[in-house]
Amino acid sequence: MTEREKIERTLRNMHRLCQHWAETLSIIEERMKNAHFAMKGETYARVEPSGSFDKPEAWVPRSLARFYRRADDSTKGVGVCLHFGPYSPSQVEALDQLKVTLPAASVSLVEVTTAAAFKGQRKLHKMLSEAGWWNVTGQRIVRDVLVESNVKTIPGQALTYFVDLFSLRTLAGIAQLVVDPMVKMYDGEREHVAEARLQVFRLREEEAVAEDRTGE
Amino acid sequence: MLAAELHDKISPERPAHQRMEDVLTSHVFSLFRYLSNPALPFRLLGRAVNLAGQTLPISEARGCRLFFWQKFGLPGSRKRREIDAVLGWTAAEGRAIALGVENKDRSGASNTAADALEEETEEGTDAGPAFTGNQLADEYLGMRHGRWGNPECERLVQATTQRLLLYVTRHHELPVLEFERALGEVAARHPDMRAELERDVYWVNWQALHGLLTQEATALDVTYPVGEANLLRDVRSMLEARGLKMFQPYADLEELDELIRPEIA
């Protein structure tokens, strides 16, 4: 394959990947609307392509996020973030420590003290992209598949799980692994993803889990 | 495309998104007119579901008739609306069915303009229901109680025992909220019609046709005369070009050279 062909194919693939990911978010959004959630902002999703030639690493979109609530005065919300990479080595390391491999999706329940904290779409999307693993404090794994954290971008607490993006290849997969658990988390079943034993990332080694059980 | 041009839907004065939608309507629903056997577009209709998850009654469908862009009014109203297509056929047990079709691509249901002579909504009269201002609701009322400008379409609709409405969009799932809004509009004025509307309004997406054409791709030349097979291939390409494919992420990624893996001693 010539260099020209490689570039052509790479760009075509990049274009198609963006279409697939946009479609994945559209499917999530349709289901959330059907579940009577309102999205924050129209079809805007936080991407960080930069036109700056001294920041070419920011030309490629790294993540897309969406935030949902049922009421504007609610102090809780849910959201999904699709993580594509390429993240920085330290970010990849942070995800590695949770045993999360890219590309992945994270789903978060976020609770704040006042609903006003949920203003500012860019901040919300940044918070969703970081919840559970980056720029957070108080990280604590819950039932092997969930992680609690205090997010910093807005003052709040998040409960997050991660799922392999390649598991989201069908409408049913998206419903089962993203939308239905996200709705249930919002409606009070915070640990549904663990209770239903869904195929999401286990956030620590099997041996560590076994040790814990032995300890019990 | 022919139907869109013949109905003056592609004039440059019309907004681009409407022209695109009408051309899409023309491309897809003309299959009922141009295929010697309309089994395939009927299979598309067979994928349509209502709010209860029931499918459209298409078994043993025969004798299909098609009218594009038909205007209708309601008894006691001076306004008129236009529906994208009206299909009529005979189904199992001799049931005569009329199906109004509302097609959307990028835009949602238009909840504003019946060809309004006065304000957007109006009160019903003893003569019958009035327009609600909600497109799906009004078109359902049109199928049930409409007076059609085209006498042939009027005869077709009046002669049927079941009058249904189909909403075709690019959604991946039935757009529940749009259906609920339409239900609410009708039920607010005619509470007795709510159950019928839940039962008689169906939805399917354009992507379902792409799925059917993909399934049929290898059999097209055997099943259809060459011209019709080419037409179906072109319709499939047109749907792809508009991004109206079934959701199959990563299936169309192209191979690059294999990664050079380090040798393991």
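# Two chains and the bridges between them

From the N terminus on, the elements of chain A run α-β-β-β-α-β-α-β-β-β-α-α-α. This is a predicted model, in which local features need pLDDT of at least 70, side-chain atom pairs count only at pLDDT 80 or more, and totals for chains, interfaces and linings use all residues. Residues are numbered from 1 along each chain as its sequence is written, chains are lettered from A and ligands numbered from 1 in the order in which they are written, and side-chain values use heavy atoms, with hydrogens and water left out.

Colleague: Which element of chain A has the lowest mean pLDDT?

Modeller: Happy to start there: pLDDT is the predictor's confidence in each residue, from 0 to 100, and chain A has a mean of 89. Helices (H or I, at least four residues) and strands (E, at least two) are DSSP runs, numbered from the N terminus. Among the elements of chain A, strand β4 (residues 104-111) has the highest mean, 98, while the lowest, 50, belongs to helix α6 (residues 206-215).

Colleague: How many salt bridges does the rule find across the interface of chain A and chain B?

Modeller: A salt bridge is a side-chain nitrogen of Lys or Arg within 4 Å of a carboxyl oxygen of Asp or Glu. One pair joining the two chains is Glu173(B) and Arg31(A), at 2.8 Å, N to O. Across the interface, the rule finds five.

Colleague: Where in chain A is Arg9(A), which meets Glu254(B) in a salt bridge?

Modeller: The side chains of these two residues meet at 3.5 Å, N to O. The pair crosses between chains, with Glu254(B) in the segment after α11 (226-241) of chain B and Arg9(A) in helix α1 (residues 3-34) of chain A.

Colleague: Is Lys9(B) buried or exposed?

Modeller: Lys9(B) forms a salt bridge with Glu82(B) at 2.6 Å, N to O. The pair links distant parts of the chain, 73 residues apart, with Lys9(B) in the loop between α1 (2-6) and α2 (16-29) of chain B and Glu82(B) in strand β2 (residues 81-90). Buried means under 20% relative accessible area, exposed over 50%, and partly exposed in between (1.4 Å probe, protein chains only). Because its relative accessibility is 8%, Lys9(B) counts as buried.

Colleague: Which helix holds Phe32(B)?

Modeller: Phe32(B) counts as buried because its relative accessibility is 8%. Leaving aside residues up to four places away in sequence, Phe32(B) touches several residues, including Pro38(B), Phe42(B), Cys64(B) and Leu87(B). The C-alpha atoms of Phe32(B) and Leu87(B) are separated by 8.9 Å, although these residues are 55 apart along the chain. The helix that holds Phe32(B) is α3 (residues 31-34) of chain B.

Colleague: Why does Phe53(A) count as exposed?

Modeller: Phe53(A) is found in the loop between β1 (38-39) and β2 (63-69) of chain A. Together with Trp59(A) and Val60(A), Phe53(A) forms a nonpolar patch on the surface with about 370 Å² of accessible area. Patches are made of residues with over 30% relative accessible area and no salt bridge, with like charges joined within 9 Å and nonpolar side chains (Val, Leu, Ile, Met, Phe, Trp, Tyr) within 5 Å; accessible areas come from the Shrake-Rupley method with a 1.4 Å probe, and for residues only the protein chains shown count as cover. Phe53(A) counts as exposed because its relative accessibility is 75%.

Conventions:
Contact means heavy atoms within 4.5 Å.
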